[in-house]
Amino acid sequence: MTPITLEKVGSAVSGELQVLMDSGRMMLNSPAATYSCEDRYTSLQKALKAIDARLFGVQHALVLGLGLGSVPYMLQKHYAAGYPIDCVEVDPEVIRLAHTHYPFPEKLALLRILGQMPLPGWQVKPGNTTW
């Protein structure tokens, strides 16, 4: 099945961003990376399974890099995370896309999105973030 483009926007931080529907999952892509693919990130699934038993006692989480929210989504879907999840994201356009396309909208209110603008001292170039 061919992915369907749902939204395509420019970002001063990430360059061109595309939100796609691919095999029933939302994806966020840039020319340099795939930022999100809901719960189809096999490397993240393996990492979470490695600490599986410890995730059920967690009261709070911090996620660096939001994308469309794959990590919070996996925590909420597979580990019944009903606690606050702080998400740090420097790209305002990614934050807007996450608000629009988060795959678990009824749990979006549990995400506290921080760092909506690059922090002082960061040099931001289209398609590349350096610090």
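Is Ser-23 buried, exposed or partly exposed? Ser-23 is partly exposed, because its relative accessible area is 40%, and the cut-offs are simple: buried means under 20% relative accessible area, exposed over 50%, and partly exposed in between, using a 1.4 Å probe and protein chains only. Ser-23 sits in the loop between β2 and β3. Its phi is near 55°, a positive value in a residue other than glycine. Ala-80 has a positive phi as well, near 50°, and is not a glycine either. This residue belongs to the loop between α3 and β6, and it counts as exposed because its relative accessibility is 62%.

The model is predicted, so local features need a pLDDT of at least 70 and side-chain atom pairs count only at pLDDT 80 or more, while totals for chains, interfaces and linings use all residues. Residues are numbered from 1 along each chain as its sequence is written, and side-chain values use heavy atoms, with hydrogens and water left out. As for pLDDT, it is the predictor's confidence in each residue, from 0 to 100. The chain averages 83, and 87% of the residues score at least 70. Among the elements, β1 has the highest mean pLDDT (96), whereas strand β9 (residues 128–130) has the lowest (42). Over residues 127–131 the pLDDT is below 50, and this stretch has 12 contacts in the model beyond near neighbours in sequence. A contact here means heavy atoms within 4.5 Å.

Now for the overall layout. The chain has 4 helices and 9 strands, where helices (H or I, at least four residues) and strands (E, at least two) are DSSP runs numbered from the N terminus. Along the sequence, they follow the pattern β-β-β-β-α-α-β-α-β-α-β-β-β. Of the 131 residues in the chain, 41% are buried. Among contacts with a separation of 6 or more, 57% come from residues 24 or more positions apart.

Ser-11 is found in strand β1, which covers residues 4–11, and it counts as buried because its relative accessible area is 9%. Its side chain reaches the backbone nitrogen of Val-13 at 3.1 Å. Leaving out residues up to four places away in sequence, Ser-11 touches Leu-17, Asp-91 and Glu-93.

Asp-91 and Glu-93 lead on to helix α4. Asp-91 caps the N-terminal end of α4, with a side-chain oxygen 2.8 Å from the backbone nitrogen of Glu-93. In α4 (residues 92–101), the buried residues include Glu-93, Val-94 and Leu-97. The buried residues of this helix pack against β1, β2 (15–22), β3 (25–29) and β7 (111–114).

What about the nonpolar cores? Such a core is a set of buried Ala, Val, Leu, Ile, Met, Phe, Trp, Tyr and Cys residues joined through side-chain atoms within 4.5 Å. The largest has 20 residues, and Leu-75, Ile-85, Cys-87 and Leu-111 have the most contacts inside it. At least two residues each come from β5 (61–64), α3, β6 (85–88), α4 and β7, with α3 giving the most, 4 residues. A second, separate core has 8 residues, among them Val-9, Leu-17, Leu-68 and Leu-97. Ile-85 touches residues including Ala-61, Val-63, Pro-72 and Leu-75, not counting those up to four places away in sequence.

The structure also holds 1 aromatic pair. Tyr-73 and Phe-104 form it edge-to-face, at 6.0 Å centre to centre and 75° between the planes. Rings of Phe, Tyr and Trp (its six-membered ring) pair if their centres lie within 6.5 Å; planes under 30 degrees apart count as stacked, over 60 as edge-to-face and the rest as tilted. The partners come from distant parts of the chain, 31 residues apart: Tyr-73 is in helix α3 (residues 70–79) and Phe-104 in the loop between α4 and β7. Both Tyr-73 and Phe-104 are buried.

Tyr-73 also turns up beside Glu-38, whose contacts include Gly-24, Ser-70, Tyr-73 and Pro-103, not counting residues up to four places away in sequence. Glu-38 lies in the loop between β4 (34–36) and α1 (42–50), and it counts as buried because its relative accessibility is 8%.

Notes. A polar contact is a pair of N or O atoms within 3.5 Å; within protein, one must be able to donate a hydrogen and the other to accept it, and residues adjacent in sequence count only if both atoms are side-chain atoms.
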